[in-house]
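Subject: The structure, and what turned up in it

Hi there,

Here is the structure I promised to pass on. Have a look at it first, and my notes follow below.

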Amino acid sequence: MAGRGCGGGCGPGRANEDNARFLLLGALLALYLLGGAAVFSALERPHERQARQRWEERLAGFGRRHNLSRDALRGFLRHFEEAAAAGVRVDGARPRWDFPGAFYFVGTVVSTIGFGMATPATVGGKVFLIVYGLLGCSSTLLFFNLFLERLITVIAHVTRWCGARRPGRRAGPRAGSQGRAAAAGKPSVRVVLLALGAASLALCCGAAALYAAAEGWGYLDALYFCFVAFSTIGFGDLVSGQQARYDGRGLYRAANFVLLLSGVCCLYSLFNVVSILVRQAVNWALGRAAGAGCRRGRGRGGPPRRNAVGPGRVRSGGGGAAETDGGSDGGSGARRLSGEMVSMKDLLAANKASLAVLQKQLSEAASGRPRRASTPAVDDEFSGGVGAFAIMNSRLAETSADSRLPLPRAAGP
């Protein structure tokens, strides 16, 4: 996909294309980390210095008033830190290792939130956590993937129902890829992104209002906690449900559990969809770079190699018909064969409902379900690759095939 701007004689092979995508994304992530570190250091470092200076002044003043040496005072504070790490608080916080506290702890373990406000201190607890977390985190990841599969199914049915409500609008041979995807009942990346974004935003805003009222936080702090918890970052600076008393304690604990579970599911799904857009942007950048290299090669008069294999190569189908790697939708097939660059708009539009690629092969192997031979060739765009998306791809392909509305393949002009 990245090198489709070239004809058959230019561009790296498939493995080289994947390596280039991996290296480019790694470089972008490194730059992203460096930029984030610079911003957070500029924002938080002055506050840290001021807090340290105030603490040193208070510590020195307390030692002078009570005639305590600095070493004796620091030794006492180390004992307090050990007690705080074990869950002892001076403000009457609830016990961390009673059954409700332990249930909250295992929930943060299997969801990979890991707030860190409670950690096992015994050898037996640490050993059991390793075994328990291995099975629990794996099972929870499978649950999140199945949640995502059912969410895609719901969106596909809604998309198909909306298309059936407008029978006058049928996708013609020259209709856009979004229109043909809607006619086949396949939700596009844009539709899924909007649905997940709206659901995640509504959930975070509603949960923040509840946490602000129950925990006594400011609304911005509560919203910050929702994102940190739902995204499983889990810093642990703000943790819900840790006070000794609440109004309607049982109801609040149940609501807290449901909100955390729903929020993690929604944010996990949203991150998966956003990563598709990141992948498309990386592919677009690689395509522009490959296209520029091809144009420079043609300018120097160098003929393409006869048997060179590139990402935009022409393949011979079963009936002798030629097709590109990305298929031909609309007039884009002719543009790719002619070597013209694909714009960002065409790239995003041509990716119909390419909701990426997680465990299609793994789920088929686990369930013993062979790949359906009756699925049209156009559904191949929902398979391939590895990552957190193949369950979505499998569901998209199945709902598309069940709709019995094959996508017309438009001929180039």
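Glu56 and Arg74 form a salt bridge, with 3.5 Å between the closest N and O atoms. Glu56 belongs to helix 1 and Arg74 to helix 2 (residues 70–85), so this pair ties together parts that are 18 residues apart in sequence. Glu56 has a relative accessible area of 28%, which makes it partly exposed, and Arg74 is partly exposed as well, at 29%. Please keep in mind that this is a predicted model.

The structure holds 6 salt bridges, so here are some others. Within helix 1 (residues 14–66), Glu48 and Arg45 sit 3 residues apart, which means about one helical turn separates them. Their side chains meet in a salt bridge at 2.6 Å, N to O. Glu48 is partly exposed at 37% relative accessibility, and Arg45 is partly exposed at 38%.

Arg150 forms a salt bridge with Glu149, and here the closest N and O atoms are 3.7 Å apart. Are these two partners buried or exposed? Arg150 is exposed, because its relative accessible area is 52% and the cut-off for exposed is over 50%. Glu149, on the other hand, is buried, with a relative accessible area of 14%. There is also a network: Glu17, Asp18 and Arg21 are joined into one by salt bridges that share partners.

Now to the aromatic residues. The structure holds 12 aromatic pairs. One of them is Trp97 with Phe105: the ring centres are 5.0 Å apart and the planes stand at 65 degrees, so the pair counts as edge-to-face. Trp97 is partly exposed, at 44% relative accessibility, whereas Phe105 is buried, at 11%.

The axes of helix 3 (residues 99–110) and helix 4 (residues 123–164) come within 8 Å and cross at roughly 60 degrees. The two helices are therefore oblique to each other.

Where does Ser240 lie? Its place is in the loop between helix 7 (219–230) and helix 8 (249–299). Ser240 counts as buried because its relative accessibility is 0%, and buried means under 20%. With Asn256, the side chain of Ser240 makes a polar contact, side chain to side chain, at 3.0 Å.

Best wishes

Technical notes
Residues are numbered from 1 along each chain as its sequence is written. This is a predicted model: local features need pLDDT of at least 70, side-chain atom pairs count only at pLDDT 80 or more; totals for chains, interfaces and linings use all residues. Side-chain values use heavy atoms; hydrogens and water are left out. Helices (H or I, at least four residues) and strands (E, at least two) are DSSP runs, numbered from the N terminus. Buried means under 20% relative accessible area, exposed over 50%, partly exposed in between (1.4 Å probe, protein chains only). A polar contact is a pair of N or O atoms within 3.5 Å; within protein, one must be able to donate a hydrogen and the other to accept it, and residues adjacent in sequence count only if both atoms are side-chain atoms. Rings of Phe, Tyr and Trp (its six-membered ring) pair if their centres lie within 6.5 Å; planes under 30 degrees apart count as stacked, over 60 as edge-to-face and the rest as tilted. A salt bridge is a side-chain nitrogen of Lys or Arg within 4 Å of a carboxyl oxygen of Asp or Glu. Axes are lines fitted to C-alpha atoms, for helices over the stretch in contact, and angles run from 0 to 180 degrees between N-to-C directions. Angles under 35 degrees count as roughly parallel, over 145 as roughly antiparallel, 65 to 115 as roughly perpendicular and the rest as oblique.
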